[in-house]
Structure formats: C-alpha cells, structure tokens
Amino acid sequence: MAHPAPIAFEAFRKEATLLNPAKDMAAKTIPLEIRKDPLTGRTARICHFRKLQWDMPDLEALVAKTQKGCPFCPDAVMTATPCFPRDLIPQGRMTLEDLVLFPNLAPYDALGAVVTLGSRHHIPMAEIPEATLYKGFRLAMAYFRRIDAIGHPESVYAIANWNYMPPAGSSIIHPHLQVFATASAPNLMRQELEAARAYARATGSNYWEDLVRVEEEAGRRFLGRIGRISWMSAFAPMGVAGDVLAVVHDAPSTLDLTDGDLRDLARGLIRLMAGYDAMGLYSFNMNFFTGARSDAHARFHVLFSPRTYFNPALGTPDAAALRSLFNETLCMAFPEEIHQRLKGHFPF
Ligand SMILES: [Zn+2]
C-alpha cells in the first residue's frame with residue numbers, strides 16, 4: 001500500500017474590516033484567503049470575490065480592423081514571415097495543411113518559432129476546432145523532434161505557449177502558438193522542477209503522480225481523465241478565474257508525449273475553453289511545463305489560465321504591481337467554485 005502523500009494544501013484565512021460609505025459607514029467585513037502552492041510554496045490570494053460572469057465584448061470591429069495587413073493570414077504568411085536557416089529547417093518553414101511554423105520575429109531565445117493555427121484570422125474561443133489545435137501541437141512537435149534529431153544543444157525543454165487574444169498579451173489577433181526549445185528553463189518552470197526533485201529525494205515518490213492521486217480521491221478540484229492526462233483546477237491558481245492543470249501520467253517531458261497525448265490535450269483544452277466561454281471570458285494563457293527527458297521527478301503538464309481586463313474601457317490588465325513585481329496573484333473566486341462551473345463542460 002502506498003504511504004500517504006506528504007502534499008499539504010495550506011490556506012490562511014484573513015479578513016479586512018472597513019466602514020462602508022454606501023451603508024452609513026456601517027462596519028463591513030471582507031474575507032480573503034492566502035493559499036500556498038503545495039509544490040513551490042508560491043502564494044496566491046483568493047480575494048476580490050465576484051460572480052463568475054463577465055460581459056463578453058463585441059470583438060467584430062477589432063477583428064475587422066486587424067485583418068487587413070495581418071502577417072499570419074493566408075495571403076501574407078508565406079511572404080511576410082521569416083524563414084529558418086537551411087541547416088535548421090531545410091525548407092525554411094514547416095507546414096501542416098494550412099498551419100505554418102516559422103521563426104519568431106521577436107525571439108526571446110535562440111530557437112523561437114510561431115505556429116499559426118490555420119488560415120482563419122479570428123476564431124472565437126469556443127469555436128476553435130479540436131482538430132486545428134491538435135494539428136498545431138503536431139506541427140510544434142515536428143519542430144521539436146527536428147531540433148532534437150540534429151542534436152541541437154537547446155533541445156532540452158520543448159515548450160509551447162499560447163497567448164490567446166490581447167488580454168493575455170497577444171499583439172496579433174490571428175491565433176498562434178509560441179514554440180521554442182531551450183536549455184534555459186523559465187523561472188516558475190525551473191522552480192517547479194527543483195521542488196519536484198527535492199520532493200522525489202525526500203519521499204522516493206513523484207510529486208505530480210501523488211498530486212493526481214490525492215486530487216482524484218478528494219474530488220473537489222478534479223475534473224476528469226482523458227487517456228493518460230488528468231485534469232484539475234489548481235489549488236493556488238495564478239489567474240483571476242482560476243487555472244486548470246493537465247498532468248500527463250508517466251511522461252517527464254514534451255518529447256515523451258505520444259500523438260494520442262496531443263489529441264487528448266486538444267480535446268480537453270477545447271472543453272475548458274467552452275467552460276470559460278460560458279462565463280463570458282474570451283482570452284487565456286496556456287503554457288507547457290516540461291522536464292528534460294532524464295528528469296524522472298518531472299511530469300509534463302499544461303497550465304491553462306484565463307485572462308481578462310480589470311477595466312476594458314481603459315485596457316487595464318488583470319496583472320498589476322502585485323503580480324508583475326512580486327509574482328503574487330489574485331483569483332476572484334474559490335477554485336472549488338470555478339471547478340463546479342467547469343465540471344459540466346468536462347464529461348470525462
Ligand atoms: Zn490573420
């Protein structure tokens with residue numbers, strides 16, 4: 001019998017008391033909670049409570065205005081985008097039907113690429129076809145495998161990120177993934193890898209496999225399983241409307257994913273998008289978190305985090321000083337409530 005996993009879900013409750021000007025200065029108590037991520041100890045605040053319903057803006061004008069001159073649309077993508085040097089990608093760009101992979105014009109690492117998700121300039125979040133997303137992951141994977149096959153020293157962490165729509169940081173409406181292979185693990189991913197290594201040393205067990213087991217048994221945040229991928233709301237989310245984690249059983253790294261995993265990943269993500277769309281949200285970030293292939297303590301996982309504007313009229317982002325400089329985050333509902341809203345969209 002497995003020993004109980006030493007995963008602690010720690011939360012600290014506090015309250016703020018103020019005299020309410022709308023109620024004749026009567027005392028009002030506002031609760032909040034500070035949660036600790038069980039792996040890294042990173043803290044997340046559950047506060048600014050609100051109803052899980054946002055006003056979906058009319059995006060028609062924004063879509064029409066940006067379509068003309070879009071470098072990712074079919075009439076421009078094969079001329080307006082750069083090519084890789086021949087020794088890296090012999091044909092310069094990689095394609096899969098109407099999806100195109102090419103170097104990122106604004107690289108933040110040596111092997112940065114962009115994958116357009118087909119020829120449609122704008123696909124509303126709830127209408128992104130599962131097959132399109134699957135093809136996007138397949139094209140990214142073909143790039144990672146090519147870099148790995150030539151023995152490139154950056155072929156350590158294979159990462160795909162997605163900034164979907166401007167609230168999530170995208171400067172181009174046309175849906176696209178950011179894809180790169182790097183020997184330099186980004187901050188939070190590196191901290192997770194270090195913490196998972198320490199956990200494995202201390203317990204002889206894999207943190208992610210333990211987390212999946214504990215969350216599935218408790219059920220309060222567990223959404224379901226597709227193939228070998230387990231989906232759950234994060235205990236200490238970074239996003240204002242929570243985060244969803246998808247952990248792939250037995251796969252330390254991106255390069256350990258099978259074609260079936262990519263299909264299952266697309267399948268689950270599409271359901272999350274439908275769930276958040278029903279709340280009126282239309283923008284998100286999605287990151288791959290991966291170990292290196294020898295990292296037995298790691299498990300490939302995806303973090304999906306919806307984004308919004310705090311004040312759409314001003315373009316006020318949902319990340320301000322707390323998040324930008326402290327990496328302290330705010331979530332506007334309990335993750336367990338968000339889980340309830342998503343559960344109906346996730347029949348697995
Ligand atoms: Zn376009």
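Met189, Glu192, Leu193, Ala196, Trp208, Phe289, Thr290, Gly291, Ala298, Arg299 and His301 line the second largest cavity in this predicted model. That cavity holds about 60 Å³ of space.

**How many cavities**
- The count comes to three cavities of 30 Å³ or more.
- The largest cavity has a volume of about 200 Å³.

**The second largest cavity**
- If you're looking for the main contributor here, go to α4, which gives the most to the lining with four residues.
- Sorted by class, this lining has six nonpolar, three polar and two charged residues.

**The largest cavity: who lines it**
- There are 21 lining residues here, and the closest to the centre of the largest cavity are Asp37, Arg42, Glu192, Ala234 and Leu245.
- Three elements, α4 (187–203), α5 (207–218) and β10 (229–233), each give two or more residues to the lining of the largest cavity.
- The largest share comes from α5, with four residues.
- By class, you'll find 14 nonpolar, two polar and five charged residues in the lining of the largest cavity.

**The largest cavity: where it sits**

Key: Residues numbered from 1 in each chain as written. Predicted model: local features only at pLDDT ≥ 70, side-chain atom pairs only at ≥ 80, totals over all residues. Heavy atoms only, no water. 1 Å grid on protein atoms, 1.4 Å probe; cavity = no way out; pocket = protein on both sides within 12 Å on 5 of 7 lines; lining within 4 Å. Points joined across faces, edges and corners; volume = space filled by probe spheres on them. Nonpolar A, V, L, I, M, F, W, Y, C, P; charged D, E, K, R; others polar.
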